[in-house]
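Visitor: I have a structure here that I have not looked at before. Can you walk me through it?

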Amino acid sequence: MALTVSPSSILCSCSCNCNATPSHNNANSLSSHALHASYIRRAVELAGKSAGFTSPHPNFGCVIATPSGKVAGEGFLYAQGTRPAEVLAVEAAGQLSRQATAYLNMEPGDCHGDHSAVSALVQGGVERVVIGLRHPLQHLRGNAIRALRSQGLQVEVLGEDLNSKLIEEARKSCLLANAPLICRAASRVPFSVLKFAMTLDGKIAASSGHASWISSKTSRNRVFELRGTSDAIIVGGNTARRDNPRLTARHGGGHMPMRIVMTQTLDLPEEANLWDTSDVSTIVVTQRGARRSFQKFLASKGIEVVEFDILNPREVMEYFHDRGYLSILWECGGTLSAAAISSGVIHKVFAFVAPKIIGGKNAPSPVGELGMVEMTQALDLIDVCYEQVGPDMLVSGFLQPIPDLTPVIPSVDETYEIDPTVTPYESRIIFFYKTWDPYGAFSNFSPHPIKMLDVDGDYSTWMSVEHYYQAHKFVGVDDPVARDCVENIKSAKSPEEAARIGRSMQRQHPYLVRSDWESVKIDVMYRALKCKFSIYPHLNSMLLSTAGSVLVEASPHDLFWGGGRDGEGLNYLGRLLMQLRSEFLGESPTLSESSCLGV
Ligand SMILES: NC(=O)C1=CN([C@@H]2O[C@H](COP(=O)(O)OP(=O)(O)OC[C@H]3O[C@@H](n4cnc5c(N)ncnc54)[C@H](OP(=O)(O)O)[C@@H]3O)[C@@H](O)[C@H]2O)C=CC1
Ligand SMILES: Nc1c(N[C@@H]2O[C@H](COP(=O)(O)O)[C@@H](O)[C@H]2O)[nH]c(=O)[nH]c1=O
C-alpha cells in the first residue's frame, strides 16, 4: 500500500524552533527540501533496522517515492550478503518505480562487483536518485553515483547538489546511521562505545564493589539491544572477577556479540560465566607470557587467548580493527575506561543515570584517573541526547566528532609512479586490503591454505600466504628459537596471529631473521602467491578478470607491500599480483612447474 508524506505534515526545523509549516519566501524549495529530508530520514530509519547485523558493511535503507509524493516501496539491507535495500524497494514498488525518485541514506557499495543495487534502480525505471552520503570507503566512493549518472539518472547528493539547513540535518542523520563505519574508516580502530550505569551521586558500585543493579530492568533491556548492535563487548579483569558477568544480548534480537576480557595478570577464576561458550565465544587479551598454565586451561575450554607485548586499549583496538571488527561496547569499570579514553579509542558514551544515592568515599566512579587538574580540561560530549528510560535518564553523546571523510584517492598518474610497468591505458585501479573487500581474496590474510615444498623436499600445508611469508623470515636459521618461531607461526590460529608473531620476533630478535631475507622476501612472496592463484580456480579467474586494471594493496602503513595512505607506498604486493596475472595470461603454468601442490 502506498503511503503519502505531505509537505504540510512536515514541521519547520528552522532556527526559530517553531512548530509551524514552512512559510518563508522560498517556500517551494523549502518544502521540496523538507520532502527530500523526510524521505531521507525514513531511509535512515529503515537502515537502522539492521544495525549490528550488517557488520562490517554499512546500514542501507531505500525509499521509492512516486512523482505525486507517495511512498511506493521500501527496503533495507538485512545482513551481509543479503539482497540490497534498492533491489527490495524497487521490487516492492513494482510499476510505480517508473519515473519515481529513490532516496538512499548512503551511496550503494555494490560489493563483490555485482552492481545489483545500481541495476535495480536503472531497470526499475527510477528517474532520480537522492543520496544522503557518498560511500565512506575509498574504493567504493563515487562509483555508484557515476554509474547511475552514466545511465542517465539524475543523481543528487545532500550537501553537494542540495543545500539548506533541513538538508544538512538530514545529512547528519545519515552520518549517525553509519557512524561506526565512518569512524572506523577514519580512525583505524573499531567504533567504540563506553556504556556505564551510575547512581545520581556518580558511583558505579558500592564501596564493597557490589553493583547489581544500579539501573532499572528497562534500562538493562536497552543495554541488551546495544549489545545486539555491537560486534563485541569488552570488560577489564576486575569486572570479570567481581561481577562474573555473562555479557550476552538477551533481548531476543538474534545477534550475539563476541566477549572480550582485557587482563594484564590473567588472574581470573576457573569457574566463570564467560568461559561458558555455548551461546557465544570469549577472547581473552593479555600480556605476553602471563600465566601460561591458565592460558592452557582456557584453550582447553575453547577460549582464544591473544598475547600482546604492550597491553593497552589502542593496541588491542588496532588488533580487533585488523580482525574486521566494526563496533565494540566497553562495559568495564573506571580503571579500564580511563585508559581507553586516554588512548583516544572511545568514540561515544552511553550513561544510564539512576535516581539513587549510594554514597561511599571509596565507591568507584565510571571513569578513573585522566590526569586532568582543571575543569576547563573536561571533555565535552558532542551531539548530546537525553532520554528517559523507565525511571533512569540515559545521557549519550560523542567524545569525538564523526569525521567527514574526504579520502584521497591516488590519481591514475600517481599510480603509474607506484608501478611504472603499468601502461597509461590501464586506467582502472582496483584497491584491495581487507579480506571482506570485493577483491579481499587478493589479501595475504585470505583463508586459502597452500601446500609448499619445504627445504627437506617434502610438501607441507600453510594456512595462508601470510603464515608462509612470516615463517620464512626465520626458515633455515640455525637456532632453536628460530626453529620454534617457524613452528609457532605455522600453527598460528589466524593470519593476523601469524603476522603478529613474525613481526614482533623480527622487531625484538632481529638476529634471528635469516641474513638473506631482504634479497629473498619478494621471491618467497611470489612463490606463495603463485601457489595460491594456481590451485584455487575461482581465485585464478578473479585475478584474470582484473586484466587491464592496476592492482593496489590499500595498506596505509605498509609502504613496501602496500600503496600507502596517499599512494606513497611501493605496492609490491599489487605489482607481484599484476606480474602473476600477466604470467597466467601469457602461458598458464602447470603445477609441475611450480613448487606447490593442490590442497
Ligand atoms: N555500573 C556499571 O556500569 C559497571 C560497574 N562495574 C563495577 O566496577 C568495579 C570494577 O571496576 P574496575 O576495577 O575499574 O574494573 P575494570 O573493568 O576497569 O578492570 C580493570 C582491570 O582491567 C585490566 N586491564 C588490562 N589492561 C589494562 C590497562 N591498560 N589499563 C587498565 N586496566 C587494564 C586489569 O585487569 P587485571 O587486574 O586482571 O590485570 C585491571 O585490573 C566492580 O565493582 C564492578 O561491579 C563494572 C562495570 C560496569
Ligand atoms: N551494574 C550494572 C551494569 N553492569 C555491567 O553489566 C555487566 C553484567 O552483565 P550481565 O552479566 O550480562 O547481566 C557487568 O559486568 C557490568 O559490565 N550494567 C547496567 O546496565 N546496569 C547496572 O546496574
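Guide: One term to begin with: helices (H or I, at least four residues) and strands (E, at least two) are DSSP runs, numbered from the N terminus. With that, the shell around ligand 1 can be described by element: β7 (191-199), β8 (232-236), α8 (237-243), β9 (258-263) and α11 (334-342) each supply at least two of its residues. Note that this is a predicted model.

Visitor: Which residues are closest to ligand 1, and how many surround it?

Guide: There are 29 residues around ligand 1, and the closest are Gly236, Gly237, Asn238, Gly333 and Leu336.

Visitor: Which element gives the largest share of that shell around ligand 1?

Guide: Helix α8 does, with five residues. By class, the shell around ligand 1 holds 13 nonpolar, twelve polar and four charged residues.

Visitor: And ligand 2, what are its closest residues?

Guide: Ala197, Ile214, Asp243, Pro245 and Glu331 are the closest, out of 18 residues that surround ligand 2. The largest share, three residues, comes from α7. Sorted by class, the shell around ligand 2 has nine nonpolar, five polar and four charged residues.

Visitor: Switching to sheets. What is the strand order in the open sheet of nine strands?

Guide: The order is β11-β10-β9-β8-β12-β7-β13-β15-β14, and the pairing is mixed.

Visitor: Which strands stand at the edges?

Guide: Those are β11 (304-308) and β14 (382-389). Each has a single partner strand, so one side of each is left without a neighbour in the sheet. From one strand to the next, the twist averages 20°.

Visitor: What packs on the sheet?

Guide: Helix α11 does, touching β7, β8, β9 and β12 (327-330). The direction of α11 makes about 145° with that of β7. Recall that α11 also supplies at least two residues of the shell around ligand 1.

Visitor: How many bridges join β13 to β15?

Guide: Six bridges join β13 (residues 348-354) to β15 (residues 392-398), and the two strands run antiparallel. Val353 has Met393 as its bridge partner in β15, and Lys348 has Phe398.

Visitor: What about β17 and β18, how many bridges do they have?

Guide: Four bridges, again in the antiparallel sense, between β17 (residues 450-453) and β18 (residues 459-462). Ile450 stands opposite Trp462 in β18. This is also a hairpin, with five residues between the strands, and Gly457 in the turn has a positive phi of about 85°.

Visitor: On to helices. At what angle do α3 and α4 pack?

Guide: At about 25°, with the axes of α3 (residues 116-123) and α4 (residues 143-150) 10 Å apart. That makes α3 roughly parallel to α4, because angles under 35 degrees count as roughly parallel. The crossing of α3 and α4 is right-handed.

Visitor: Which residues make that contact between α3 and α4?

Guide: Ala117, Val118 and Leu121 of α3, with Ala144, Ala147 and Leu148 of α4. By class, the contact of α3 with α4 has six nonpolar residues, no polar and no charged.

Visitor: At what angle do α14 and α15 cross?

Guide: At roughly 155°, and the axes of α14 (residues 480-490) and α15 (residues 495-508) come within 8 Å. That makes α14 roughly antiparallel to α15. The crossing of α14 and α15 is left-handed. Cys485, Asn488 and Ile489 in α14 meet Ala498, Ile501, Gly502 and Met505 in α15. The contact of α14 with α15 has five nonpolar, two polar and no charged residues.

Key:
Residues are numbered from 1 along each chain as its sequence is written. Chains are lettered from A and ligands numbered from 1 in the order in which they are written. This is a predicted model: local features need pLDDT of at least 70, side-chain atom pairs count only at pLDDT 80 or more; totals for chains, interfaces and linings use all residues. Axes are lines fitted to C-alpha atoms, for helices over the stretch in contact, and angles run from 0 to 180 degrees between N-to-C directions. Angles under 35 degrees count as roughly parallel, over 145 as roughly antiparallel, 65 to 115 as roughly perpendicular and the rest as oblique. A crossing is left-handed if the near helix is turned anticlockwise from the far one by less than a right angle, and right-handed if clockwise. Two residues are in contact if their C-beta atoms, placed from the backbone, lie within 7 Å. Ala, Val, Leu, Ile, Met, Phe, Trp, Tyr, Cys and Pro count as nonpolar, Asp, Glu, Lys and Arg as charged, and the others, Gly among them, as polar. A residue is near a molecule or strand if its C-beta atom, placed from the backbone, lies within 6 Å of it. Two strands pair if DSSP finds at least two bridges between them.
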